[in-house]
Amino acid sequence: MAEKKKKIVKTIKVDADKCNGCRACEVICSAFHAAPKYSSNNPARSRIKVNRHPLKDIYVPVFAGEYTSSECAGRDKYVIDGKEYDECAFCRASCPSRDDFKEPDSGLPLKCDVCEGEDEPMCVKWCLVDALTYEEREEEVEEEESPEEMEIGLEALANEYGLDKIMETVARMSMAKKGEAA
Amino acid sequence: MRYAETGFNLEIDLSRGNIERVETDPRDTELYLGGLGTNTKILWDRVPPEVDAFSPDNLLIFAAGLLCGTPATGCNRTIITTISPQTKLMAFSMMGGFWAPELKYAGYDKVILRGKSPDLVYIWIKDDKVEIRDAAHLQGKGAIETAELIQRELKEPKAQVAAIGLAGENRVYFASIEQGRSSASRGGIGAVMGDKGVKAIVVRGTKDVSVARPAEFLELCNEVLEYIKFRNENPVEGVMAILTGLGSPQEMKVHDEKWHTENFMWGNSRLRRKDFWNEEIAKEWMETMETMRTRLISCYNCPMTCGATITPPGKPTYMMKCFTKLTYTMAAMSDLEFGLGIAQSATEYGVDGFSAPQVMAFALELLEEGILTDKDFPGMPEDNEGRFYYLLEKIVKREGIGDVLANGTYWAAKEIGKGAEKFAHNTIKKHEQLPLKLSMLNPIYFLMYATGEKINITQIEGQFPQAPFPTREKREAFVKDWFQVPDEKFKQYFLDWELRGDNSIPFYPTSQMCCDIVDWQERMHYIDDALGMCAGLSSFPLKPPYHIHNYPKFISAGAGIDMDEEKLTQAAKRYRTLVRAINIRRGMRRKDDAPPANHWKKRFPELEKELLDTYYRYKGWNDQGIPTPASLKELGLDYVAEDFEKRGIYNDNGDTPPEETAAEKEV
């Protein structure tokens, strides 16, 4: 049983009503994460994006969450205040169904890191209309054992090849190693 | 490695269907910066004066400013350059929005169109892939509607679309190019796009835009953002509400329209209604705005929210900003509900919000005067508002009298004759102006109206207060944190400027001071137009975040071009002079440098002559307004002087007017 722990949750609060659709968040996010820092910008690489449809008055800033290997089946529509939103409009995943939150050239997934090391995320700093605000809240969470790096890697391999195949490979590799030693 | 700019233009020959990606010369960037500057160089080099607006040899250049696509706040303007069918001079209308940065991310600084497509097409640019696509199914569609249809058919909701409506297709001389929340509408550039058979240019880019010195550049951007916050919290005191803050005049936010409705003219720029505004109208108009306006919105990478989405009852949503809010209302002597409603149709048709209402009011005035008759308006409704909708449709379809009116008041009056000319009274260089008629000549504004080659007062004014402040204390308070001035002398000019007495208009500021003031104001607009910066954060408002002192740093750190104030001033002067050279080569002379004859009631011919003489000398132009060989040489524009010599332009005393025919007739 996991034990309860106090933890600081860092997050960006999005007030979509205040969004002016300018995409400054995309500009500065992609500039911050460029290497070297700020040497270039490219909204297609941004870890935040504004889902905007001005004529329908749809403005939803979304920042990138987890990578997902497969898309949802049967996507829904939401109607809020008479405006129809695609379910994906609110989704933070880097997902095969769309180009968002992926490096445009390699397709590798992107995830928001709340600009680790800065006082506040750059998108928040550059959002002068206050659609984005930074929040640190203390939460009581059930701390799960966080999986180790190797476990994450193995799980990805298992998803792709199946656990049996991995075990077979490991067995073969260890046989080979023994052979070398001998 | 090129910084800020991509170093590539797209050259599209519409006649042959040929597309080329052409590398540009970095030396041109140093000399002419980008945007308007390099557009002007291309137009000089490739479009000789014999080429008419509707000739296949005319170019239509869409440029992203030099710093568009960098993180510089508010730098998002597309500068569109061509020869205007209406003025027959160089037109360089601009639009904000999202198009220019997207072009940079696709890997291009400019799209240069030449030739004519035999069929209606649109151009689809996605990074390295560029296609000319059939647009037969989009013929007659509204500009905004077109953008939606194209995004859907390409399955590219993030593509940015610059499109024309019916007015552009039918080569209306005041047709605009629309792009969602922005439009490039002055000078009839939409007509040139229609003439070339291009319904839209669609762009989507996913590449990087780099800057030369990242940390320094970002520091400059952060300073600008901090100053914007400061200015938002500290409006300028002592000026009217719409001039206190930054951005485009905040017409979508401001409800109090006493100043516009009582100081600007109604109808065909005729009637001043000094007691128009009252509580009842204020309440009614506020309700109209509050119910139709869904949201205040911005252009790319800008916090200023100058625009709004507007949904008139029973009509689709559209976006607008600034003074188009009132131009239709006032031309039709109607109310805000009508104005915001017809502006929706006008945006879809794609017409200029300054010219179109004036042309319609002009037509109705001619009807009232008996110069046009009921027979010219078959089936026209009785009520004024119905008549405006009727006329708008006739014009954009070029049907009946609409075909004549579609050329603007100047050319329409010429064609109609019977004394119609004196009703086309509010043009400069054949181009309709804001409806303003004032009393006492203002020497600064005289020079700006007369010589501004953007032919639009809002595109040259700014920086220096429009009027003196009543007390010395207030003036002193104003100049205290006025660090944007290029030189301390401007503070003194302002401190000594009085409402009455020796130091008041029209004789103060003196001619020499007026030259300094006008030149500074114009310079800032020209720099903005090369960099792609919105005038709303720079040349237009008082005390803006971008100015002559930080611009060189932005260019140095952004584009990696070694720049200082002097070099930047010289570059701006270079392409500003080149704009004049293009127009001089097209026959523009001193006689054309004049405000509308009735703009001021009290005129001072001798003073006006002195002002113009002094200003011409100041600019390095001769008494015909032609840049002198010496001044051209100093700017490295020897090639212009040579061309002028060859064409015998210096022998022209301005007495022989160039032959005047509407471009439409010459094709």
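**View 1. B:Cys68 is a buried cysteine, with a relative accessible area of 0%.** The model shown here and in the other views is predicted. A search over all chains of the whole structure finds zero disulfides. B:Cys68 is accordingly in no disulfide, and the nearest cysteine sulfur, that of B:Cys75, is 4.2 Å away.

**View 2. B:Cys306 and its closest cysteine sulfur, in B:Cys302.** The two sulfurs are 6.0 Å apart, which is too far for a bond. A disulfide would need the pair to lie within 2.5 Å. B:Cys306 has a relative accessibility of 10% and therefore counts as buried.

**View 3. The largest nonpolar core, with 214 residues.** The members that touch the most other members are B:Phe62, B:Val111, B:Leu113, B:Ile125 and B:Ile201. Helix H19 (residues 511-531) of chain B supplies the largest share of this core, eleven residues.

**View 4. A second, separate core of 19 residues.** Among its members are A:Val50, A:Cys123 and A:Ala131 from chain A, and B:Ile297 from chain B.

**View 5. Helix H12 (residues 355-368) of chain B and the residue B:Gly370 just after the helix.** The helix has 14 residues, so at 1.5 Å a residue it should span 20 Å; the end C-alpha atoms are 20 Å apart, in agreement. Of the 14 residues of H12(B), 13 are buried, so the helix is largely enclosed by the rest of the structure. Just after H12(B), B:Gly370 takes a positive phi of about 80°.

Methods. Residues are numbered from 1 along each chain as its sequence is written. Chains are lettered from A and ligands numbered from 1 in the order in which they are written. This is a predicted model: local features need pLDDT of at least 70, side-chain atom pairs count only at pLDDT 80 or more; totals for chains, interfaces and linings use all residues. Side-chain values use heavy atoms; hydrogens and water are left out. Buried means under 20% relative accessible area, exposed over 50%, partly exposed in between (1.4 Å probe, protein chains only). A nonpolar core is a set of buried Ala, Val, Leu, Ile, Met, Phe, Trp, Tyr and Cys residues joined through side-chain atoms within 4.5 Å. Helices (H or I, at least four residues) and strands (E, at least two) are DSSP runs, numbered from the N terminus. The expected span of a helix is 1.5 Å times one less than its number of residues.
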